[in-house]
Amino acid sequence: MSIRKNIPFSLAAVMALSMLAGCGGGTNESAAPAGNASTPSSSAAPAGTASKPEDPLQLTIMTILLTPTPAADDNPIKRAIEKATNSKMNIQWVSSNSYPDKLNVTLASGDIPDLTYINDPFSPVFRSMVQQGAFWDITNYIKDYPNLSGKISKTAWDLTKMEDGKNYSIPRPRPSEADSFFMIRKDWLDALNLKVPTTTDELYQALKAFAENDPDKNGQKDTMPFAANVNPTDMGSLAQIENAFTGANGSWKLVDGKMVFTAFLPEEKQALEFLRKAVQEKLIPEDFASMKGTQVKDLFKSGKAGMINDKAGTLMDYYNDIKKAVPAFKETDFYPITSLNNYNPKGPGFAGTLAIPKKVPEAKMKRILKLVDTWMNDDVFNIQTYGFEGTHHTVKDGVKVVDSKKLQDDNGPDFNQIVYVADPYASSTKIFFQKETNDLYKKVQDDRTKNSVADTSIGLFSPTAQQFLPEFQKNVQDLKTKVLLGTVPMTAWDEYVAKMKNDPNVVKMSQEMTDAYNKRAGK
C-alpha cells in the first residue's frame, strides 16, 4: 500500500462502481509519419497489392491541465502530433485543482475516455475498478512497444503493478535516479579540509565542524550545519538520516522475506540517537519541529547553512541568493553527497499513469499503445518540447534556442500531461548550468545508480494498513519528535516499539504487506 493520502470518493461513487463489473527529431509542422521501423506494424498486404493507408485513430483523452487556458482543437502543436501519430484526439483538459474529483465522477459514471490520466493508481476507486475488470491488463503487450519498454524504467513498471502483479496502466515517466538527498556546501568542506562524507559518522564530523570551526571564516560561530525540519506525520528532511541507518527508502523494508515497518528496526533507534545528539549540539535548527519547508530553504539561501535535503537540479533555487551573501560561491559548491552508509534514494520513476478502459476493443487498445509508443519517439516528442523552428525556437550553432513564452502560449508543455519522455538526468542537470556543474552532477548520479534504493512499499495494498496506518504513523512521528527534543527519554521509544511490535493490527498489517509484496513479485 502506498502511504500517500488516497483520493476521497463519495458513497454514491462507490455504489456506482458496483454496477460496472460487466464493463467489459522533427521540429516543424511536417512531422514524422506515424510509426517507424521500431514500432509494431499491421500485417503486410498480399503480394502485388498496394497497402491501404490506415485511417487515423479516433480517441478520447482526459488529462490534467496546469495552465490557465487549454489547447484548442486546432492547436498547431496538437495537429502536428496527430499527423505524426496518425490520430485524431478529442482531449478533455481538466484543471489540476479539480482533477481528483472529476476523475472519480468520470470513473463512477462508466463513460471513461479511451486514454485517461490516473493521478493516483492506488486510490480506492481505481483499485476497485481494476478488480472489477474495468481496465485493460497491458502486462503482456508492453514488450511489443520499444519505447514503452525502453523509455519507461523497470522501477516505474514494477511499482505501478497492482496487487495481482499485473500492469493496468502506463506509467508517466519521471527520472528515477538523483532523487532528493543531501546537498552540502563544498566550499565549507574545503575551508575545513574535510572530504565529502560517505558514512553517517563522517557526516556527523562534518556537521560538528560546520558548527564549531567557522567554515565561512567570519570569526563568529553563527553557522547552521543542517537546514532541516520534520512534518506532523513524517520526518521531513531528516528522513534521509533515518534511511541511511536503516538502508530503506520509506516506512517499510523487506527483511528475511517479510515486510517490516522500519520504526521497529534496531537501526531506527541508532538514527534517533544520532539525531537527538544533533539537536542537543545545535547541528540542526532548534525549532526544527515547527519550521516550514520554505523556512528551511530560506535558511540555506541566506548562506548560513551547510547542508540541505534536495535535488541537484534545484541549484538555481538557491544559487543567486547565496551568491549575494557569498560572492565567491560557485555552482559546484552546491555539492551532492553520493551516498551514506552505501545508501541513497531512488525515485519511483513515474508521476501518475495512463489507463485504457476495457470497453475499448482490443484492436483499438493496441493502436492506443502504438500511439503512445510513437509519440515517445524523439522526433515526435520534440514537437511539444521545442515547437516549430522560426516560431518557437531558432537554431544557433546546432543548438535549439527556445522561446519558452511563445511555446507556453501555444500550449507545448501541456501535452507533457499526456505523453512525456523523461531525460534520465533531468533531476540533476539543466541546460543553463555550467558545463563543469553538469559534468559533476552526471558523474555523481551515475555513481548513485550503483546503490540507489526505491520505496518498495509503493502500491502495496493492505486493508488493515489503510485503516490503521495513518493514525499509527502520526503517533510514531509524535514520539520521534519528543525523543529528538529530549522531552522524553530514549527508553520511551524502546517501550513503545516493544509494545507495538505485537499489536494485532501491526502483525496483521505486516503480514498483508508481505503477502502483497510476494504476490506483486510473482512469488
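Start by selecting aspartate 179: at 23% relative accessibility it counts as partly exposed (buried means under 20% relative accessible area, exposed over 50%, partly exposed in between, with a 1.4 Å probe and protein chains only). You are looking at a predicted model, in which local features need pLDDT of at least 70, side-chain atom pairs count only at pLDDT 80 or more, and totals for chains, interfaces and linings use all residues. Residues are numbered from 1 along each chain as its sequence is written, and side-chain values use heavy atoms, leaving out hydrogens and water.

**First stop: a salt bridge across the chain**

Lysine 311 and aspartate 179 form a salt bridge, with 3.8 Å between the closest N and O atoms (the rule asks for a side-chain nitrogen of Lys or Arg within 4 Å of a carboxyl oxygen of Asp or Glu). Lysine 311 sits in the loop between strand 8 and helix 12 (315-325), and aspartate 179 in the loop between strand 4 and strand 5, so the pair ties together parts that are 132 residues apart in sequence. Helices (H or I, at least four residues) and strands (E, at least two) are DSSP runs, numbered from the N terminus. Lysine 311 is partly exposed, at 28% relative accessible area.

Select residues 307-310, which make up strand 8. Are its faces covered or open? Both are covered: Met307 and Asn309 on one side, Ile308 and Asp310 on the other, are all buried. In a regular strand, side chains alternate between the two faces of the sheet.

Now show strand 5 (residues 181-185), which runs antiparallel to strand 8 and is joined to it by four bridges; two strands pair if DSSP finds at least two bridges between them. Methionine 183 has isoleucine 308 as its bridge partner.

**Then: strand 11 and two neighbours**

Move to residues 350-355, strand 11, where five of the six residues are buried. Strand 3 (residues 115-118) pairs with strand 11 in the antiparallel sense over three bridges, and tyrosine 117 stands opposite leucine 354. Strand 4 (residues 170-173) is also antiparallel to strand 11, again with three bridges. Here proline 171 is the bridge partner of threonine 353.

**Two positive phi angles**

Most residues other than glycine have a negative phi. Select aspartate 214, though, and you find phi near 50°. Aspartate 214 lies in the loop between helix 8 (200-212) and helix 9 (239-246), and counts as buried at 17% relative accessibility. Lysine 282 has a positive phi of about 60°, in the loop between helix 10 (266-280) and helix 11 (293-301); at 46% relative accessibility, lysine 282 counts as partly exposed.

How many salt bridges does the rule count? The answer is 31. Being four residues apart in helix 6 (residues 154-159), lysine 154 and aspartate 158 are separated by about one helical turn. Lysine 154 is exposed, at 62%, whereas aspartate 158 is partly exposed, at 26%.

Finish with lysine 304 and aspartate 216, a salt bridge with 2.8 Å between the closest N and O atoms. This pair links distant parts of the chain, 88 residues apart: lysine 304 is in the loop between helix 11 and strand 8, and aspartate 216 in the loop between helix 8 and helix 9.
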